[in-house]
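Hi,

Here is the structure I promised to pass on. Have a look at it first, and my notes follow below.

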Amino acid sequence: MSDSPSPAPACSRTVSVQLPDLLSLCTPFELRVNRHCRSACRASETWLREVGLNLEWQGMKVGLWASLCYPSADLAQLRLAADFLSLLVYEQEREDGCSDENENEIFDLISDRLSRVAYKCPAWYMRFHRSMRAYHDTRRRLRSLDSTCIPDLETYIDLRRDASGLRMVFHLIEYAGGLDLPERVSSHPVLKQLTDKACDIIAWSEDAISCAKGMTPSSRLNLVTVLMKDRNCSFGSALAHVGTLVKQSSDAFLAAERQFAACAVMNDDTRRYVRGLRDCISGSVNWLYETERYLGTKGNEVRAFGWVFVPVLD
């Protein structure tokens, strides 16, 4: 997933705004949690410290995120998922100091385990690798933009899907569920629509929540800043419109799901994959309020009331 805008070292004002009620927009998607959550979290956090990746992992709760996205995975599958998501978060958090030359270095830490999966499922790994390459390419492109180069909404939506890393998160549904999705299924236009809409719901929700850390001229691009330019509107109005867009994507996902249910490619594995997309939507949006990455220790308060005080530097 994308990292949040960096907090301003100093701010000219503080704005009180109400975030969209993202949780209510995701009520059609059941929230489930993996029974191995505690064990996987402890093991993953210990490993991260051992390999020298120092973040406030306990507050980040990345293992919880994995447990919500992959509730049916066994312990070994969940552990790899938790480690991968942690590396994704770590890379995004440290991205300002990351050169293009060593951008794959972090993920090399799990290359041996991914290679074992690739040996068993080469087609899956090819899709995963393509998504990782698109992730790095798109983030490199976004890093090259300055604060005056804000793309239009349609361009941003396409960029955000790849830059979020969520396509890789969705590929792990297949791994964690032991699923077999042949190319004719994985490339099906309705399934592509489902994955795109799931990606939009999660990424745009993150864009809204991440604004709580602050808005500055050097803040990284997100949907809120794009809408402020595209619609020539205020910060608060842009946030409200994010909620509208998330609701539209949620409705579009449910409509595509009904359409896909009647497709000839639908079988037990494809049905479980679609349920996995639902788990990722519900799990990721709920995790945004649980992790301290965006809201600090105020997640429960924001979950209940929705109001945040945002430092803004003009």
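A nonpolar core here is a set of buried Ala, Val, Leu, Ile, Met, Phe, Trp, Tyr and Cys residues joined through side-chain atoms within 4.5 Å. Buried means under 20% relative accessible area, exposed means over 50%, and partly exposed is what lies in between (1.4 Å probe, protein chains only). Before the details, two notes on the source. This is a predicted model, in which local features need pLDDT of at least 70 and side-chain atom pairs count only at pLDDT 80 or more, while totals for chains, interfaces and linings use all residues. Residues are numbered from 1 along each chain as its sequence is written, and side-chain values use heavy atoms, with hydrogens and water left out.

**The core**

The largest nonpolar core has 99 residues. Those with the most contacts inside it are Tyr70, Phe84, Phe170, Phe235, Phe253 and Phe260. Helix H11 gives the most to this core, with eleven residues. (Helices are DSSP runs of H or I with at least four residues, strands are runs of E with at least two, and both are numbered from the N terminus.)

Phe84 is in contact (heavy atoms within 4.5 Å) with Phe107, Ile110, Phe128, Met132, Met168 and Leu172, leaving aside its neighbours within four places in sequence. Leu85 is in helix H5 and counts as buried at 0% relative accessibility. Not counting residues up to four places away in sequence, Leu85 touches Val62, Trp65, Ala66, Tyr70 and Val169. From Leu85 to Gly165 there are 80 residues in sequence, but 9.4 Å in space, C-alpha to C-alpha.

How many of the residues of H4 are buried? Eight of its eight, so the helix (residues 62-69) is mostly covered. They are Val62, Gly63, Leu64, Trp65, Ala66, Ser67, Leu68 and Cys69. The cover includes helices H2 (37-50), H3 (57-60), H5 (75-93) and H14 (268-290).

Lys61 sits in the loop between H3 and H4. Its phi is near 60°, a positive value in a residue other than glycine. As background, most residues other than glycine have a negative phi. Lys61 counts as partly exposed, at 29% relative accessibility. Asn232 also has a positive phi, near 50°, and belongs to the loop between H12 (223-230) and H13 (235-261). Asn232 is exposed, with a relative accessible area of 72%.

Ala73, in the loop between H4 and H5, counts as buried at 6% relative accessibility. Ala73 touches Asn34, His36, Leu78 and Ala176, not counting residues up to four places away in sequence.

**H8 against H11**

The axes of H8 (residues 153-163) and H11 (residues 189-210) come within 10 Å and cross at roughly 95°. Axes are lines fitted to C-alpha atoms, for helices over the stretch in contact, and angles run from 0 to 180 degrees between N-to-C directions. The two helices are therefore roughly perpendicular to each other, a label used for 65 to 115 degrees. On the H8 side the contact is made by Tyr156, Ile157, Arg160 and Arg161, and on the H11 side the residues include Asp196, Lys197, Cys199 and Trp204. By class, this contact has five nonpolar, no polar and seven charged residues. In that scheme Ala, Val, Leu, Ile, Met, Phe, Trp, Tyr, Cys and Pro are nonpolar, Asp, Glu, Lys and Arg are charged, and the others, Gly among them, are polar.

**The two strands**

S1 (residues 13-18) and S2 (residues 307-312) pair in the antiparallel sense, over six bridges; strands pair if DSSP finds at least two bridges between them. Val17 has Val308 as its bridge partner in S2.

**One more loop**

Thr291 lies between H14 and H15 (292-295) and is buried, with a relative accessible area of 0%. Leaving aside neighbours within four places in sequence, Thr291 is in contact with Gly59, Met60 and Gly296. Thr291 and Trp57 are 234 residues apart in sequence and 9.5 Å apart in space, C-alpha to C-alpha.

Cheers

Conventions: Parallel < 35°, antiparallel > 145°, perpendicular 65-115°, else oblique.
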